[in-house]
Structures are given as structure tokens and as C-alpha cells.
Amino acid sequence: MFKFLIFSAFFGVIAAESVKFTPCEGSPPCSISEVRIHPCTHPDQCKLKKGNTYSLSYDFKPEFSADKMKTGLFWAKENEDIPFPDMHNADACQYTACPIVAEKLQTFDYSLRLSKKLPSGQYPFKLMLWDENDKSKNCCFKTNIELRRK
């Protein structure tokens, strides 16, 4: 019985890292199977503390190949995306294997440092990975976060 409780507790911690997400509008030519933010104990809306660092990763399978990729993190507003200061038009090959190969499952890993200067509140968070030469070839998703003071 004790081993079952330990296993259940361990599995619960792992499962808490998977967050709910939605693909971006327009059905990008890429499927995303899982998004993880660590630590995150509220999968519907991660509650993140400013001044801390979080692990952000996701598994994706593009329908396209590309040699060079860019990535960006955005606050997704109704009619515009506001770039996240520390990750805008960045070299995606620092966070995933390049070249990107069509129909091959890959993982994107990023260490997200949240500045203490960011405003507190609830935000839709958008992460996009795109072909440097053709932005229509992309992987994109949205998830909800809440930024809090320590």
C-alpha cells in the first residue's frame, strides 16, 4: 500500500506540470501533443511568481522541414501580440534540434525568467516557432498564466 501511495504522489506531481493549451487560430501546419511548465500546480492557469525561473517545454510534430527557425513568446491580446522582452524573434535552434524535419516528433525546451518588473495579472500567453524564411510554416499555441508577486 505504501508503494502505491508513493507512486500516486509522484505521478500527481508529474501530471501537474502538463498545462491546458489551445492551438493558435488558423490551424498551423504543426501538431502539439503536450505543453509543460514546471513548476505549475494549476493546469488550467499556471500561477507564476515574478522573479522566478520556470521550465517551459512542449512536444511538437511539424508538417514542414526547415533549416533555421525563429521563436517568440507573446502576451496574446485580442487584436495584437505583444512580444515578451526576453524572447522575441530568437534563434529557436538554441531550444530545439535543427534542422526541423517534417513529421518528426521534437521537443522545445526554454528556461523562462520572469522579471519582477512585469505587471501582475492574468494573461493569455502565446508561444510560436516559425521557419525563418516563411512565417506561415509555424507551430503555435496559447495557454493562460497568472503573474503574481512573490
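Lys 49, Arg 113, Lys 116 and Lys 150 form a positive surface patch in this predicted model. Patch members have over 30% relative accessible area and no salt bridge, and like charges are joined within 9 Å. A salt bridge is a side-chain nitrogen of Lys or Arg within 4 Å of a carboxyl oxygen of Asp or Glu. Charge positions are taken at NZ of Lys and CZ of Arg. Lys 49 belongs to strand β3 (residues 46-49); strands are DSSP runs of E, at least two residues, numbered from the N terminus. Lys 49 is partly exposed, at 38% relative accessible area. Buried means under 20%, exposed over 50%, and partly exposed in between (1.4 Å probe, protein chains only).

The model is predicted: local features need pLDDT of at least 70, side-chain atom pairs count only at pLDDT 80 or more, and totals for chains, interfaces and linings use all residues. Residues are numbered from 1 along each chain as its sequence is written, and side-chain values use heavy atoms, with hydrogens and water left out.

Two threonines sit in strands. Thr 71 lies in β5 (residues 69-76) and is buried, with a relative accessible area of 0%. Its side chain reaches the backbone oxygen of Met 128 at 2.9 Å. Thr 143 lies in β10 (residues 134-148) and is buried, at 3%. Thr 143 and Gln 45 are 98 residues apart in sequence, yet their C-alpha atoms are 7.3 Å apart.

Pro 85 occupies the loop between β6 (81-83) and β7 (90-91). Pro 85 is exposed, at 64% relative accessible area. Its C-alpha lies 8.7 Å from that of Phe 74, 11 residues away along the chain.

Terms used. Patch = residues over 30% accessible without salt bridge, like charges linked within 9 Å, V, L, I, M, F, W, Y side chains within 5 Å. Areas by Shrake-Rupley, 256 points an atom, 1.4 Å probe, with all protein chains shown as cover. Lys, Arg positive; Asp, Glu negative; His and termini not counted. Helix = DSSP H or I, 4+ residues; strand = E, 2+ residues; numbered from the N terminus. Polar contact = N/O pair within 3.5 Å; in protein donor to acceptor, adjacent residues only side chain to side chain.
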